[in-house]
Amino acid sequence: MKNNVLYYSVGPLLYCPANRISITDSLIKERFGNRFSLALCLEDTINDDHVEEAEQILISSLSQIFIQHEQKPFYLPKIFIRVRNPQQIQRLTKALGQSIKIVTGFIVPKFSPDNAQSYIEQMIIVNELVAKKLYMMPIYESPSIIDLRNRIDILYLLRDSLARIEDLILNIRIGGNDLCHMFGFRRHANESIHSIRPVSDIFSDIITVYGMDYVISGPVWEYYAGDSWKEGMIQEIREDRLCGFIGKTVIHPSQIPVVNRAYQVSRNDYLDARAILNWNADSASLVAGSKTRERMNEYKTHLNWAKKTVYLSEVFGITE
């Protein structure tokens, strides 16, 4: 597992088309609060005929944000650029100039055996070009991982490919809507994606292959208004957490505080995690009752859980 809080800190990742000019003013005026990350998308949200225009708007927006932040600091989220091809990574890194300082990394859509090496090579190159780390977040949403005959081999092939730049992989992300689209599925506000077995089985395989080495983020929740959207989102996040996901893609600012609250660590979990981490490993007994005497804590069994719990408490806070 990742032993650095940075990998757990993406939190709610707000998606925004890269050609939305208003994002600059929204960031400067902190309209979305100060506990989220931002993805500026050049892929599915941009018409194929307007990509070059969107790139120029993206470059201009990031330049303005960089200059304004230098003059008068404001909350600057982790900013990621979702590209549509490997070549954009190096081209944009160079075109951004000084503004690359405020970019955390790149989001890679439809990560698959066909493009993995090209994206990895580009990430190696740009990290040699700039005096900071640029991270990558690959999205697992390609049709190639649906075929049961090849899925496991492909997932392990991609994991082996990522080993070259493992420290640069901030998150593994899951394209829940893209996977649902291939089957013609769409959940309602009172339904969880984890109940859609063909899709949740793919999630389970990804967690099994990657969950011990990487932080994996939960799928997007489409609803941000109407009846029960918030309750539905909270329930799905509960299932996300139980299944091993950390953080979530969001598509509207109203979802940000819901994710942040839902990922807070309970006081009892935090106290137990601290007790486990402070355990004397040379003690004759490595098992004891919890602080509340409600459950068992065992040093060897619960150590990794305790580490993750403390990281989550640092990012999302503690709730009673």
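These are my notebook entries on a predicted protein model, going from the whole chain to a few single residues.

**Entry 1: the whole protein**

I began with the secondary structure and found eleven helices and twelve strands. Next I looked up the radius of gyration, which is 20 Å. The globule rule gives 20 Å for 320 residues, so this protein is as compact as a globular protein of that length. I also noted the box filled by the C-alpha atoms: along the principal axes it is roughly 65 × 55 × 45 Å.

**Entry 2: inside and outside**

How much of the protein is buried? I found that 49% of the 320 residues count as buried. The accessible surface comes to about 15100 Å², and carbon and sulfur atoms hold 49% of that area. Then I turned to contacts between residues at least 6 apart in sequence, and 76% of these join residues at least 24 apart. For charges, I noted 36 positive and 37 negative ones, with mean positions 6 Å apart.

**Entry 3: the loop with Lys110 and Asn115**

I stopped at the loop between β4 and α4, where lysine 110 is found. Asparagine 115 is in that loop too, with β4 spanning 105-108 and α4 spanning 116-129. Is asparagine 115 buried or exposed? Its relative accessibility is 16%, and the cut-off for buried is under 20%, so asparagine 115 counts as buried. Lysine 110 has a relative accessible area of 27%, which makes it partly exposed.

What does asparagine 115 touch, beyond residues up to four places away in sequence? I found Pro109 and Lys110. A polar atom of the asparagine 115 side chain lies 3.0 Å from the backbone oxygen of lysine 110.

**Entry 4: two positive phi angles**

I kept a reminder for myself here: most residues other than glycine have a negative phi. Lysine 110 is not a glycine, yet its phi is positive, at about 50°. Arginine 293 is not a glycine either, and its phi is about 60°. I located arginine 293 in the loop between β10 (287-289) and β11 (296-298). With a relative accessible area of 67%, arginine 293 is exposed.

**Entry 5: Gln88 in helix α3**

Helix α3 covers residues 87-96, and glutamine 88 is found there. I looked up its relative accessibility and got 1%, so glutamine 88 counts as buried. Which residues surround it? Leaving aside neighbours within four places in sequence, glutamine 88 is in contact with Leu42, Val51, Glu55 and Val83.

**Entry 6: Cys243 in helix α8**

Cysteine 243 belongs to helix α8, which runs over residues 229-243. At 38% relative accessibility, cysteine 243 counts as partly exposed. Setting aside neighbours within four places in sequence, I found cysteine 243 in contact with His194 and Ile207. I also checked a distance to serine 142, which is 101 residues away along the chain: the two C-alpha atoms are separated by 21 Å.

**Entry 7: Leu271 in helix α10**

My last stop was leucine 271, placed in helix α10 (residues 267-277).

Terms used
Residues are numbered from 1 along each chain as its sequence is written. This is a predicted model: local features need pLDDT of at least 70, side-chain atom pairs count only at pLDDT 80 or more; totals for chains, interfaces and linings use all residues. Side-chain values use heavy atoms; hydrogens and water are left out. Helices (H or I, at least four residues) and strands (E, at least two) are DSSP runs, numbered from the N terminus. The radius of gyration is taken over C-alpha atoms; the globule rule is 2.2 Å times the number of residues to the power 0.38. Buried means under 20% relative accessible area, exposed over 50%, partly exposed in between (1.4 Å probe, protein chains only). Contact means heavy atoms within 4.5 Å. Accessible areas come from the Shrake-Rupley method with a 1.4 Å probe; for residues, only the protein chains shown count as cover. Lys and Arg count as positive and Asp and Glu as negative; His and the chain ends are not counted. The place of a charge is taken as NZ of Lys, CZ of Arg, CG of Asp or CD of Glu. A polar contact is a pair of N or O atoms within 3.5 Å; within protein, one must be able to donate a hydrogen and the other to accept it, and residues adjacent in sequence count only if both atoms are side-chain atoms.
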